[in-house]
Amino acid sequence: PTSYIPNHSGGSVTREAEDIAINTLDQTYSTDITIFLEVERLVSTSDINKEIAVVINSTTSPNNRFTFYGTNNGRFRALIIDDSGNSDNLYSATNAFEKGETIKVALKITSSGCTLFVDGSSVDTSSGIGGILGIDRISFFRDSIIKQYLMFPTALSDAECITLTTP
C-alpha cells in the first residue's frame, strides 16, 4: 500500500516499506502443531538476533509464542514460550544460516516438547516446554525473505518433518 505524504517543496517524497507484516491465521492452533518456514537470510551474520517471524496468541502475549531469529554466528534460532511462561531456545548448527542462504525449517510442538528440523535433519530438541494455546497470528520482518510458510494443526512425524525440510 501507498500513503500520501504532503510535500510543499516541489520534490517527491516516498516512504520505506514497513518493518513488519502482520497476518491473522485462518484458524487457531494449539499444542500438537508444526510450523514450517522456507526462509532466505538477507542480513550479515554480524547482526545479532535479527527477527524473522513471530507466531503468537494475540491475546496472551508474551506467553504462547514462537520467535524465529537469524543469529550472529550463522545459526537459526527458535525461542518458544509456553502457556505457563516457560521458555527455551532451539538452534541450528553454527554457520548453517549465512547471508544469502535459504533454509527449510520445521518446528514440531507436542505436549511433551519441541523438535527443530533444518534442511532434512533433526537438529535440536527440548522437553522443558508445555502446552501452547491459541496461536492465531504470524508477523514477518524485512531482514529475510519468507519464501513459504505452512502451519499444520497437528504434530507431523519426524519422518514427515525430515521430508518437508529436505532441500
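Tutor: Buried means under 20% relative accessible area, exposed over 50%, and partly exposed in between (1.4 Å probe, protein chains only). This is a predicted model: local features need pLDDT of at least 70, side-chain atom pairs need 80 or more, and totals for chains, interfaces and linings use all residues. Residues are numbered from 1 along each chain as its sequence is written, and side-chain values use heavy atoms, without hydrogens or water.

Student: Is T67 buried or exposed?

Tutor: T67 is found in strand 4, residues 65-70. A strand is a DSSP run of E, at least two residues, numbered from the N terminus. The relative accessible area of T67 is 2%, so T67 is buried.

Student: Which residues is T67 in contact with, leaving aside its neighbours within four places in sequence?

Tutor: Contact means heavy atoms within 4.5 Å. With those neighbours left aside, the contacts of T67 are E51, A53, V54, R77, A78 and L79.

Student: How far apart in space are T67 and N89?

Tutor: In sequence, T67 and N89 are 22 residues apart. From C-alpha to C-alpha, their distance is 9.5 Å.

Student: What kind of aromatic pair do F76 and F97 form?

Tutor: The structure holds three aromatic pairs (Phe, Tyr or six-membered Trp ring centres within 6.5 Å; planes under 30 degrees apart are stacked, over 60 edge-to-face, the rest tilted). F76 and F97 lie 6.0 Å apart, centre to centre, with 65° between the planes. That makes the F76 and F97 pair edge-to-face.

Student: Where in the chain do F76 and F97 sit?

Tutor: Both F76 and F97 are buried. Their pair links distant parts of the chain, 21 residues apart. F76 is in strand 5 (76-81), and F97 is in the loop between strand 6 (87-91) and strand 7 (102-110).

Student: Which residues do ring pairs link into a cluster?

Tutor: F76 and F97 pair with each other. The cluster linked by ring pairs is F68, F76 and F97.

Notes: Helix = DSSP H or I, 4+ residues; strand = E, 2+ residues; numbered from the N terminus.
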